[in-house]
Amino acid sequence: MHVTHLSLADFRSYPRVEVPLDPGVTAFVGPNGQGKTNLVEAVGYLATLGSHRVSSDAPLVRMGAERAIIRAQVRQGDRQQLVELELNPGRANRARINRSSQVKPRDVLGIIRTVLFAPEDLALVKGDPGERRRFLDELITARSPRMAGVRSDYERVLKQRNTLLKSAALARRHGGRSVDMSTLDIWDQHLARAGAELLAQRLDLIAAVQPLADKAYEQLAPGGGPVALEYKPSAPGEAHTREDLFGQLMAALAEARKQEIERGVTLVGPHRDDLQLKLGQLPAKGYASHGESWSYALALRLASYDLLRAEGNEPVLVLDDVFAELDTRRRERLAELVAPGEQVLVTAAVDDDVPHVLSGARFAVSEGAVERV
Ligand SMILES: Nc1ncnc2c1ncn2[C@@H]1O[C@H](COP(=O)(O)OP(=O)(O)OP(=O)(O)O)[C@@H](O)[C@H]1O
């Protein structure tokens with residue numbers, strides 16, 4: 001699958017821009033702060049309904065404008081589709097597919113898939129567990145778009161359950177009116193049901209990604225591994241099937257209930273889990289060097305790319321400002337690995353940062369103009 005045309009209105013720094021794209025490698029080159037990342041961020045947004053840089057939509061809308069529009073023409077084999085998202089911060093976003101507005105934003109998922117590697121990815125290794133959970137869950141959704149529904153069910157139930165626990169905790173602390181806790185059992189069931197589904201997908205994904213990440217790390221930094229991905233659940237146990245995971249979560253919720261009511265928050269479930277990344281015998285977080293952490297994050301993205309391709313879901317690979325961070329050897333290895341991809345979008349400050357193997361289309365990006373050179 002590849003994008004044949006990208007069109008933005010009031011997205012980030014662009015009042016309007018039209019970018020025709022070819023399969024193969026396309027490099028966006030220009031000085032800092034000219035809008036290169038803004039272009040690839042828009043493609044990433046269509047694939048994940050989120051930005052890799054910010055957690056809310058407001059910064060994505062051009063200063064002074066009310067809404068932003070991202071539109072892309074996508075080709076999958078012989079099939080062409082036009083996808084469009086309208087971002088309305090503070091109100092619901094809107095989507096159109098082939099000009100039909102009878103769709104929800106979530107229906108756009110799966111039309112475009114991306115694997116995006118950017119400097120922010122260092123947080124995958126060095127950052128909070130939430131970064132690694134997002135990595136897993138975005139990849140789960142890229143493999144199976146219906147999982148977006150499961151994720152949003154889980155988030156909704158979690159929010160409602162937390163509201164109930166919080167009011168119970170406040171009532172306990174301040175001796176207010178007691179709270180009716182009879183619905184908590186029902187929330188437990190819903191939370192464990194969606195949670196088990198999400199957990200099963202995460203465990204399946206980790207098993208598939210692990211050997212690919214190890215192989216990618218070895219290619220980037222020979223002899224530096226091995227790398228191992230270990231899931232650290234908040235509800236401990238050995239379960240793997242959905243039904244067993246459901247039972248495991250229900251048991252852990254029962255055990256944690258007293259503490260949850262005291263603290264007013266849900267302490268068990270996929271939202272509290274972590275993915276531990278090990279390099280050799282040590283956890284990468286806190287031990288790996290800057291260069292090792294970079295290679296690790298990159299290996300995770302390359303593994304994601306390999307996995308989606310192997311499963312027949314060829315994604316667009318986006319390499320945002322990454323070559324300047326790598327030494328010559330790693331830069332060339334990476335370039336050789338990704339050069340055969342169906343579509344690879346690269347951003348760089350200067351031409352020399354783009355390895356020669358990645359010859360293809362070039363656009364100069366300067367002061368809001370994107371021109372083919
Ligand atoms: N909502 C917005 N409204 C207007 N301008 C914005 C908005 N968001 C970001 N910008 C501007 O976009 C520019 C940054 O663009 P971008 O991040 O794409 O730069 P870049 O070319 O990738 O630079 P670098 O090489 O430094 O990574 C900045 O000048 C910033 O002020």
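The model is predicted.

**Ligand shell**

The ligand is surrounded by 17 residues. The closest are S13, N32, K36, T37 and N38. By type, the shell divides into 9 polar, 4 charged and 4 nonpolar residues. Helix α1, residues 36-48, supplies the largest share of the shell, with 3 residues.

**Helix α4**

Helix α4 runs over residues 147-174. Its 28 residues, at 1.5 Å a residue, should span 40 Å. The buried residues of α4 are A148, V150, Y154, V157, L158, R161 and L165. R161 is one of these buried residues. An α-helix has 3.6 residues a turn, so residues three or four places apart point the same way. The buried residues of α4 pack against α3 (129-143), α5 and α6 (242-263). After α4 comes G175, with a positive phi near 60 degrees.

**Helix α8**

Which residues of helix α8 (residues 328-338) are buried? They are L334, A335 and V338. Seen down the axis of α8, the buried residues fall within an arc of 100 degrees, so they line one face of the helix. The face turned away from that buried side carries the exposed residues T328 and R329. The cover over the buried residues of α8 includes two helices, α5 (184-220) and α7 (290-310), and two strands, β11 (316-320) and β12 (343-348).

**Strand pairings**

An open sheet is formed by 3 strands in the order β8-β9-β10, with antiparallel pairing. Strands β8 (227-232) and β10 (282-283) are the edges, and each pairs on one side only. The bridge partner of K278 is P283 in β10.

Strands β13 and β14 form a hairpin with 2 residues between them. In the turn, E367 has a positive phi of about 50 degrees. V365 stands opposite V370 in β14.

| Strand | Partner | Sense | Bridges |
|---|---|---|---|
| β9 (residues 274-279) | β10 | antiparallel | 2 bridges |
| β13 (residues 361-366) | β14 (residues 369-372) | antiparallel | 4 bridges |

In a regular strand the side chains alternate between the two faces of the sheet.

Notes:
Residues are numbered from 1 along each chain as its sequence is written. This is a predicted model: local features need pLDDT of at least 70, side-chain atom pairs count only at pLDDT 80 or more; totals for chains, interfaces and linings use all residues. A residue is near a molecule or strand if its C-beta atom, placed from the backbone, lies within 6 Å of it. Ala, Val, Leu, Ile, Met, Phe, Trp, Tyr, Cys and Pro count as nonpolar, Asp, Glu, Lys and Arg as charged, and the others, Gly among them, as polar. Two strands pair if DSSP finds at least two bridges between them. A residue is buried if 20 or more other C-beta atoms lie within 10 Å of its own, exposed if 12 or fewer, and partly exposed in between; C-beta atoms are placed from the backbone. The arc is that of the directions from the helix axis to the C-beta atoms. Two residues are in contact if their C-beta atoms, placed from the backbone, lie within 7 Å. The expected span of a helix is 1.5 Å times one less than its number of residues.
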